[in-house]
Amino acid sequence: MIPAIVDQPRRLADRHRRSRRSRATRAVATGIASGVYIAFAAHLIVRGFGWLDLDFLTALPSRFADQTGIGAALTGSVMMIVPALLVAIPGGIIVAMYLEELAAPSRSTRILRHWMNLLATTPPVIHGIVGLLVATLDLGLGRSLAAGTLTLTALLLPRIAIRARGALAEVPAALRHHAWSLGASRWQTLRHHVIPAARRHLLAASTVAVGRTFGDAAPLVVLGGLIWVAASPAGPHDPVTALPLEVFGWATRPEVDFRQLAAAGATVLLALYTFIWALGWIWRGDDAKQGARR
Amino acid sequence: MSALVEMRAFTVRYGSTLALDSIDLDLHAHRVTAVIGPAGAGKSTLLRALNRMNELVAVSSREGTIRLGGVDIHGGDIDPLALRRRVGMTFERPNPFPRSIFDNLAWGLSIHGVDDHVEARIEQALTRVGLWSLLADRLDRPARELSLGDQQRLCIARALVLEPEILLMDEPCSRLDPTSTARIEDLLFDLKTATTIVLVPHSLRQTSRVADDTVLLDAGTLIEAGSTEEMFTRPRRARTEAFVTGRFDV
């Protein structure tokens, strides 16, 4: 009809205008968000760069700015996080497999899923408070490596479980149906088909959780908070410090040198987090490309 | 002739939704039975009732009985995994596992602990679907390299390698081109000598081409069941006539 043809250019121009406007809005929003981050990061790097050297990375804490370093904090972080990960990654994946694949569809499974969601989205500070009450005080672990690890495990496991569930859920349902139709059990289907298909996503999910945990000081601040620890822990009951705690401690001191040290420490934190995040991104990215080719 | 499958007062509910409403139905051996009806009629639910896949797919409840060769398939001593070996299934979308052609066929055997004459069984299954001459020298190639039509035939072979008594086929041709469709339809005539086929066809034309018997469902209710020829030429119910002549929503 003629009216439609006449009408078309005007509406088309209108649509193009709206599309341009939305693109501009998106660009501005992205610019603000990443601009702030980049500005902060650049500021930190400029301030702390002079302090970044091997000595800084390995030295134990000292009262003197030119002798101190993040050695104890780094080893503390690693010693707290690694055992936590060794439990939380397999544990989280097993919980995810159970909830997503093995449990028969029922009301109790549904409740369990909501419960996991709740735990995973609980703010880390609350995990810290619970950790303080249970691990530090009730279990008598004190402000030790063991208490930190236990709290981090409790924090990590539901987070990994949720991400792992997402990874499993991305495997097309048809794959399962085909396997089931051949008489495979849920477990056989999971082991032979779903896990291989989700492997990269599971890996990426775990990596992202690791990155976040490295920087997550909130539960530890509550747990043991800002204690002066001059050495790496030698056993599970030794006191421990973590990188974010050390940085926070320096930042609260009045001396300019310590402020700069804090900036250097924060740079290391940012670099670590970005590195781990990039690892996860690379693993996931490869997978996305493969998916597109299929 | 006694029926291979006897369904009596069989009802399936998904939550509060009635998917199948007290179905009484006999399926006969060595015939192709088409299950037809408008969208949401319960065709797939009926198919998946026969291999107890409904239990895996959604929260469902059931009443009534299904007997396969006189045995209640919901009996306490029935292993649903073993049942699914006897009642195979293929789906609308072919979905070979992302492995070699050989592994696709061998996997079903291995999960059922069959380790004798594996290669002979695979050759036989591929021969039955007409793929052996094409694939004999490239069984180690990834199955997903095949064309969609060949993938579907491979999926049929994957079910056949377990030598099922019944093969359930949920719209096996709806994503295929006319040539592949014709091939699969031809295949059905050969397959029914050894297997009983229950098929959700993707069109009424296909029904009239391949089905010996037809079952018409609508909103979970069985409208009419009988020989395809009779249902298409002398339907007993007005609703059947309306459906097979395209006068109510397909």
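**Entry 1**

I took a residue as buried if 20 or more other C-beta atoms lie within 10 Å of its own, as exposed if 12 or fewer do, and as partly exposed in between. The model I examined is a predicted one.

I first looked up B:Ala219, which sits in the loop between strand S9 (213–218) and strand S10 (221–227) of chain B. I counted 14 other C-beta atoms within 10 Å of B:Ala219, so this residue is partly exposed. Its phi is near 50 degrees, a positive value in a residue other than glycine. I noted for context that most residues other than glycine have a negative phi.

I then turned to B:Ser22, in strand S2 (residues 17–27) of chain B. B:Ser22 is not a glycine, yet its phi is positive, at about 50 degrees. B:Ser22 has 15 C-beta neighbours inside 10 Å and therefore counts as partly exposed.

**Entry 2. The sheet of chain B**

I traced an open sheet of six strands in chain B, with mixed pairing and the order S6-S7-S8-S3-S9-S10. Which strands stand at the edges? They are S6 and S10 of chain B; each has a single partner strand, so one side of each is left without a neighbour in the sheet. From one strand to the next, the twist averages 15 degrees.

I also checked one pairing within the sheet. S7(B) and strand S8 (residues 196–200) of chain B run in the parallel sense and are joined over five bridges. B:Leu167 stands opposite B:Ile197 in S8(B). H7(B) packs on this sheet, where it touches S6 and S7 of chain B, and its direction makes about 170 degrees with that of S6(B).

**Entry 3. Helix H7 of chain B**

I compared the span of helix H7 (residues 148–160) of chain B with expectation. At 1.5 Å a residue, its 13 residues should span 18 Å, and the end C-alpha atoms are 18 Å apart, which agrees.

Is H7(B) mostly covered or mostly open? I found it mostly covered, with twelve of its 13 residues buried. Among the buried residues are B:Asp150, B:Arg153, B:Leu154, B:Ile156 and B:Arg158. The cover over them includes strand S6 (87–90), helix H4 (101–111), helix H5 (118–128), strand S7 (166–170) and helix H8 (178–191) of chain B.

**Entry 4. Nonpolar cores**

I recorded 71 residues in the largest nonpolar core, where B:Val35, B:Leu50, B:Ala157, B:Leu168 and B:Val198 have the most contacts. H7(B) gives the most to this core, with six residues. Another core, of 55 residues, lies apart from it and includes A:Leu145, A:Ala161, A:Leu202 and A:Ala262.

**Entry 5. Chain A against chain B**

How many residues of chain A are in contact with chain B? I found 14, which meet 22 residues of chain B. On the side of chain A that touches chain B, the elements giving two or more residues are H7 and helix H8 (186–215) of chain A. H7(A) gives the most, with six residues. By class, I noted six nonpolar, eight polar and no charged residues on that side of chain A.

Just after H7(A), A:Gly183 takes a positive phi of about 95 degrees.

Notes. Residues are numbered from 1 along each chain as its sequence is written. Chains are lettered from A and ligands numbered from 1 in the order in which they are written. This is a predicted model: local features need pLDDT of at least 70, side-chain atom pairs count only at pLDDT 80 or more; totals for chains, interfaces and linings use all residues. Helices (H or I, at least four residues) and strands (E, at least two) are DSSP runs, numbered from the N terminus. Two residues are in contact if their C-beta atoms, placed from the backbone, lie within 7 Å. Ala, Val, Leu, Ile, Met, Phe, Trp, Tyr, Cys and Pro count as nonpolar, Asp, Glu, Lys and Arg as charged, and the others, Gly among them, as polar. The expected span of a helix is 1.5 Å times one less than its number of residues. Two strands pair if DSSP finds at least two bridges between them. Axes are lines fitted to C-alpha atoms, for helices over the stretch in contact, and angles run from 0 to 180 degrees between N-to-C directions. A nonpolar core is a set of buried Ala, Val, Leu, Ile, Met, Phe, Trp, Tyr and Cys residues joined through C-beta atoms within 7 Å.
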